[in-house]
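Hello,

Here is the structure we discussed handing over. Please open it alongside these notes.

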Amino acid sequence: MGSNAGAKDELPVHKVWVSPFLMDRYEVTQEQFKKFQLPDPSHFKGPNHPLEQINWTDAALYCNERSRAEGFEPCYDEETWRCDFDANGYRLPTEAEWEYACRAGTRTTYSFNNDARKLKIYAWFVGNSLGRTHPVGQKKSNSWGLYDMHGNVAEWCNDFYSQGYYEQSPQRDPRGPNHGRERVVRGGAWNSSADACRSSYRSSDPSIDDTCLANDAIGFRCVRAGLSNTAAREKTHENQPIERKPKTGFLYDDIFLEHKAPQGFPERPERLSAIVDRLKSQGLYSKLYPLKAMPIPLEWLTTIHSRGYIERAKKSCEQSEGYLDSPDVPISSKSYEAALSAAGGVLCAVDAIMDAKITNAFCAVRPPGHHALEDQAMGFCIFNNVAIAARYIQGKYNLAKVLIVDWDVHHGNGTQAEFYDDPNVLYFSVHRYPFYPGSGSVAERGVGKGLSHNINVPLPAGSTDSDYMRAFQEQLKPAALAFCPEFVLISAGFDAHIDDPLGGMNVTERGFAQMTQIVKIIAEECCDGRLVSVLEGGYSLDGLAASVEAHIRVLVE
């Protein structure tokens with residue numbers, strides 16, 4: 001504990017031993033706090049925002065209420081507020097426990113390294129918070145899966161504060177002085193400097209009882225004693241212990257099969273049946289977290305498409321007009337419903353990741369989307385699923401920077417058009433050129449503030465795995481890491497496969513796996529692995545199914 005480069009209260013640097021304990025992945029949110037009929041005192045309102053403006057006593061009271069609700073023994077005497085460390089319920093962490101969890105096995109200034117410039121990847125602090133808190137879990141976790149340890153809100157510890165406590169603290173399970181006027185606060189907050197976000201930084205605040213006078217930069221998270229058996233260790237609740245393993249989600253719904261196509265048309269329902277059958281036959285389907293599609297709310301659909309176009313699409317499908325806008329977008333009576341569920345399903349996958357149910361996801365949806373424009377269907381596409389998801393991520397979760405990787409054999413003109421002047425979305429497309437729809441040259445780099453945030457890598461017919469890998473290694477990876485996205489989306493078309501009847505390229509399943517690996521590494525480096533992959537093209541049933549299997553196996557690893 002401590003630091004030779006910090007303030008006097010961080011001296012001397014010393015080693016301590018702590019007993020096993022479980023800690024919440026996230027700071028307690030306002031939604032969680034209100035479940036126990038406790039009034040929300042927070043200044044910055046939002047169900048998934050951290051609770052703040054909370055005094056120490058009410059934080060301890062929440063620990064007791066949560067313990068009772070989950071069948072554990074409360075730790076705090078509600079008259080003296082002394083903590084029973086032998087009880088198995090929830091409590092506030094000791095200062096030593098907090099620093100141990102924050103460091104996650106490191107000895108560096110921060111849990112990631114000594115470079116304060118990387119703090120923006122892990123924390124909301126004065127350099128990027130815009131003067132407020134943000135929903136929990138949006139920044140990258142430390143290596144032990146704990147979020148927001150360096151920022152968002154500072155956190156109450158159980159200990160009383162003493163500037164010179166390190167000089168006499170015990171080596172095993174130090175719990176602070178017996179008395180004091182203030183309680184220890186650890187971790188940076190939305191208004192903290194980078195220095196105040198260091199792993200060893202100590203501060204304090206009066207443990208006042210008046211919530212009105214409490215600090216809107218202080219919240220808390222809970223711990224409880226380590227458990228002795230595996231069954232108890234796997235007990236789940238909404239603020240999961242750190243043992244929970246990441247999962248890959250798989251989104252599919254039978255409604256997608258109701259988007260009918262004429263006999264012999266390449267974009268047909270059998271594409272999804274082939275994918276599901278392949279995953280089941282290879283034993284992969286049962287390893288995926290099942291996700292269910294929901295029709296997209298109009299408020300998110302209109303972030304990309306005009307109301308007039310949406311209404312025209314609905315009427316054209318209801319009246320079975322045969323096609324929408326172009327003969328290459330055939331429709332049937334339930335095509336509109338399928339398109340709503342495809343777009344909405346991708347948002348369900350985003351929600352599951354942001355709720356920490358899964359780490360990444362593949363969405364087996366149709367109709368596809370990356371050619372769809374604001375007010376026009378084209379290229380088999382009705383609604384632009386990935387573009388809508390990007391606006392949803394920005395609008396609902398306040399994650400500004402989104403990376404979209406598009407490896408469909410056709411250039412995603414609809415996606416490019418939506419974000420062409422947007423510096424907060426990096427669009428990367430590798431595709432056959434010249435080819436349908438005619439766009440996608442190197443010269444198309446974005447305009448205005450979006451200049452250089454649109455990267456096209458046109459490849460000639462017959463390009464191979466090595467050609468694609470060269471584009472990903474030399475152009476995508478450095479640009480993406482410099483951009484440092486907060487969420488990654490893939491327009492995953494598999495029509496560049498060597499067996500595809502339309503693509504004219506020579507990419508194999510191994511090539512798609514390699515591309516997936518690079519994108520996954522980018523997501524892990526920049527945004528704790530948050531990645532949603534969405535099916536676009538791919539018209540050889542066997543080639544499509546084998547490629548999707550290879551793609552998902554990398555996501556599951």
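This is a predicted model: local features need pLDDT of at least 70, side-chain atom pairs count only at pLDDT 80 or more; totals for chains, interfaces and linings use all residues.

Four of its strands make an open sheet with mixed pairing, and their order is E4-E3-E2-E5. Strands E4 (202-206) and E5 (218-219) are at the edges, where each has a single partner strand, so one side of each lacks a neighbour in the sheet.

Look at the E3/E4 pair next. Strand E3 (residues 182-186) runs antiparallel to E4, with five bridges between them. One of the contacts to check is Arg186, whose bridge partner in E4 is Arg202.

Now go to strand E12 (residues 402-406). Is it enclosed or open? Five of its five residues are buried, so E12 is largely enclosed by the rest of the structure. The side chains split by direction: Val402, Ile404 and Asp406 point one way, while Leu403 and Val405 point the other way. All of these are buried.

E12 pairs with strand E13 (residues 425-432). The two run parallel and are joined by five bridges. Within E13, Val425 is the bridge partner of Val402. To get from E12 to E13, the chain passes through helix H11 (residues 413-419), and this β-α-β crossover is right-handed.

E12 also pairs with strand E15 (residues 487-492). That pairing is parallel too, over five bridges. Here Asp406 sits opposite Ser491 of E15.

Best regards

Conventions: Residues are numbered from 1 along each chain as its sequence is written. Side-chain values use heavy atoms; hydrogens and water are left out. Two strands pair if DSSP finds at least two bridges between them. Buried means under 20% relative accessible area, exposed over 50%, partly exposed in between (1.4 Å probe, protein chains only). A crossover is right-handed if, with the strands pointing away from the viewer, the path from the first strand over the helix to the second runs clockwise.
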